[in-house]
Amino acid sequence: MLQLNYIRQHVDLVKERLTVKHFADIAAVDRIVSLDEQVRRLKVETETLQAELNAVSKEIGMLMGQGKKEEAEQRRAVVSEGKSKIQRSTEQLGSLEKQLYDEVIQLPNIPHVSVPVGKTPEDNVNIREVGAKPDLHANAVPHWELIKKYDLVNFETGVKLAGSGFPVFKGRGAKLQRALVQYFLDYNTAAGYTEYMPPLVVNETTAYGTGQLPDKEGQMYHIGVDGLYLIPTAEVPVTNIYRDEIVKENELPVKMTAYTPCFRREAGSFGSDVRGLNRVHQFDKVEVIQLSHPEKSYEVLEEMVAHVEQLLQSLNLPYRILRLCGGDMSFTSALTYDFEVYSAAQKKWLEVSSVSNFETFQSNRMKIRYKDAAGKTQLVHSLNGSSLALPRILASLLENNQTETGINLPAVLHPYFGAASI
RNA sequence: GGAGACUUGUCCGAGUGGUUGAAGGAGCACGCCUGGAAAGUGUGUAUAGGGGAAACUCUAUCAAGGGUUCGAAUCCCUUAGUCUCCGCCA
C-alpha cells in the first residue's frame, strides 16, 4: 500500500508512474487526494469537539470529588448535548476513512525509474543470457516423456487423488525433489539466511499484508469454513513474521529462507504452458526474503540476484535474466527480475525465479519498521525471490541432461541425491 | 469438542467507574561517578494519526470489536488467543 503522505506530496509523479504499470484508474489518485483532504478537515473538527467534551468530563470528575454535586450536574447536561453532534461527525469520518482506505488499497506499487516501459512479456528487457543451450541427441524428448520413462512423476494418479495439476512424485523423482530442497536450503543458510518452516495456511490479515488480497483473491485456494488461505508462496507467511514489529536498525537486513509447497489455482491457464511440470497447482519452492534498510534495498536486490544466479550456475543450467516491464510486473513490486532457464527439449524458457523489491509497499501494510539513529520509526523495505522453484528446475534438468542411456545430474546434487545419474 | 481461569507498555507487574497514558521494577539510552568497567546515582524511554514554523498540543489505543455512562484498563456482550482439567488424537 502506498503511503498517503507520499501520494499527497507527489500527485503528478504518482500518476505518471502508475501509467507505466498500465494502471487503468488513474483518476483514483485525484479521488484519494480529495478524500484525504476531507478526512483531515473532518478529523480536526471531530477531535476538537471531543477534546472539549473530554475536558468537561474531567471537570465533572473533579467537582464530584469535591462534593459539588450541583455544578457537576450542570456540566453533565452540556456534555449530553455535544454527544449527538460528535456521534454524527464520527460516523461520517469513519465512512470517509473507509472510502479512502478502499481506494488506496487498490493502487499498485509505483515502479522504479529503471523499469522498462511496456505492456507484455515481449517488452521485458533481457539483462543477460548465460550458458550454452545443450545439443541434445536425436531421440531427445520433453520432460513429460522422461518422467514416464524413468517413472519419476505420475500425473494420472494425481488426478485421481486431487485433480489435474497435482503431480505425484515417486521413487527417484521424489528423492530428487528432496535433494533439491535440501541443496537450496543449505545454499541459502550458508549465505546467512535463517531457515523457517511456516504454516502452509494463513488468515486474511496475513494475506493482506503481502498484497495477495485483495489483488489476487481468485488465485489462492480458500478454506471458507475456517477463513484460511493456502499459501501461494512462502513469501506470505514468512514476511508476515515481522508484521507489527519494530526492529533495531543494526538488526537489518533480516534474511530469511523457507521451503514450502505453494498452492495456486492458476485459473485461466491452458495449452502448452501447463504441459507436464510447466505449471501445476501445487509445487515446491524455496524462497529467500529480506527486510532491508530503505537506503540499501537496491544493493540488496542486486545481491539477491547474484545469489540466485550463482545457484543456477551451480546447476549448469542455461539461464537468462529479465527486467520486467511495467505491464508485466506484479501489483506489489517496484522492480522485478525474472530468471528463466532454458528447457532444451521443449525449446522453451521457463521462469524459475522472480526477485523483487517491494520498497515500503508491503511494510506499510504490515507496519514492519525500524528505529533510525534519531529514534524515529521508519518503514523497512521488503524483498524476496525464489531460490528456487522446483518443478521447472526439474523439467530443465531432465531435458537438458538426458542421454540415450540416462540422465546425468549436476555434481552439486550428487551428495544429496546419492547418485550421479538417473 | 466440554468446563474453568486469564489477556495491561520492550519485559515483569500494580491497578474494579473520575486529572491513569497508566504505580513499581527490569531492560534500554544519555549524563555523573571510575584509570576503565561493575556497582551506585540522575534524567529520559509506547504507537498511530491530526494541528502548528516551532515550542508544543489534540485524538485514539490497557487482546480485538461493540455496548452502558457525563466519564471505562476497571461494568456488560461478542470474537480471538493463552493456561489448567476432561474428552479425542498423530
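This report describes helices, sheets and helix packing in a predicted model.

Local features require pLDDT of at least 70 and side-chain atom pairs count only at pLDDT 80 or more, while totals for chains, interfaces and linings use all residues. Residues are numbered from 1 along each chain as its sequence is written, chains are lettered from A and ligands numbered from 1 in the order in which they are written, and side-chain values use heavy atoms, with hydrogens and water left out.

Helices (H or I, at least four residues) and strands (E, at least two) are DSSP runs, numbered from the N terminus. Helix H3 covers residues 27–65, that is 39 residues, and reaches 56 Å from its first C-alpha to its last, close to the 57 Å expected at 1.5 Å a residue; the expected span is 1.5 Å times one less than the number of residues. Just after H3, Gly67 adopts a positive phi of about 75°.

Helix H2 (residues 11–20) packs against H3, with axes that come within 9 Å and cross at roughly 150°. Axes are lines fitted to C-alpha atoms, for helices over the stretch in contact, and angles run from 0 to 180 degrees between N-to-C directions. This angle makes H2 roughly antiparallel to H3. Angles under 35 degrees count as roughly parallel, over 145 as roughly antiparallel, 65 to 115 as roughly perpendicular and the rest as oblique. The contact (heavy atoms within 4.5 Å) is made by Val11, Val14, Lys15 and Leu18 of H2 and by Val29, Asp30 and Val33 of H3. These residues divide into five nonpolar, no polar and two charged. In this classification Ala, Val, Leu, Ile, Met, Phe, Trp, Tyr, Cys and Pro count as nonpolar, Asp, Glu, Lys and Arg as charged, and the others, Gly among them, as polar.

**The sheets**

An open sheet of eight strands has the order E1-E11-E12-E13-E16-E10-E9-E4, and its pairing is mixed. Two strands pair if DSSP finds at least two bridges between them. Strand E1 (125–130) and strand E4 (194–196) are the edges, each pairing on one side only. On average, neighbouring strands of this sheet are turned by 25° against each other, direction ignored. Within the sheet, strand E13 (residues 348–357) and strand E16 (residues 381–389) run antiparallel and are joined by two bridges; Ser356 stands opposite Asn384 in E16.

A further open sheet has three strands in the order E5-E7-E6, with antiparallel pairing. Its edge strands are E5 (201–202) and E6 (222–223). Two bridges link E6 to strand E7 (residues 228–230), and Ile223 has Leu228 in E7 as its bridge partner.

**Packing around H7 and H12**

Helix H12 (residues 390–400) lies across strands E10 (282–292), E12 (335–343), E13 and E16, running at about 30° to E12. Helix H7 (residues 172–190) packs with helix H10 (residues 297–314), and the axes of H7 and H12 also cross.

| Helix pair | Axis separation | Angle |
|---|---|---|
| H7 and H10 | 11 Å apart | about 140° |
| H7 and H12 | within 11 Å | roughly 115° |

H7 is thus oblique to H10, whereas H7 and H12 are roughly perpendicular to each other. Towards H10, Tyr183, Phe184, Tyr187 and Asn188 of H7 meet His307, Gln310, Leu311 and Ser314; this contact has four nonpolar, four polar and no charged residues. Towards H12, Leu176, Gln177, Leu180, Val181 and Phe184 of H7 meet Leu390, Ile393, Leu394 and Leu397. By class, the contact of H7 with H12 holds eight nonpolar, one polar and no charged residues.
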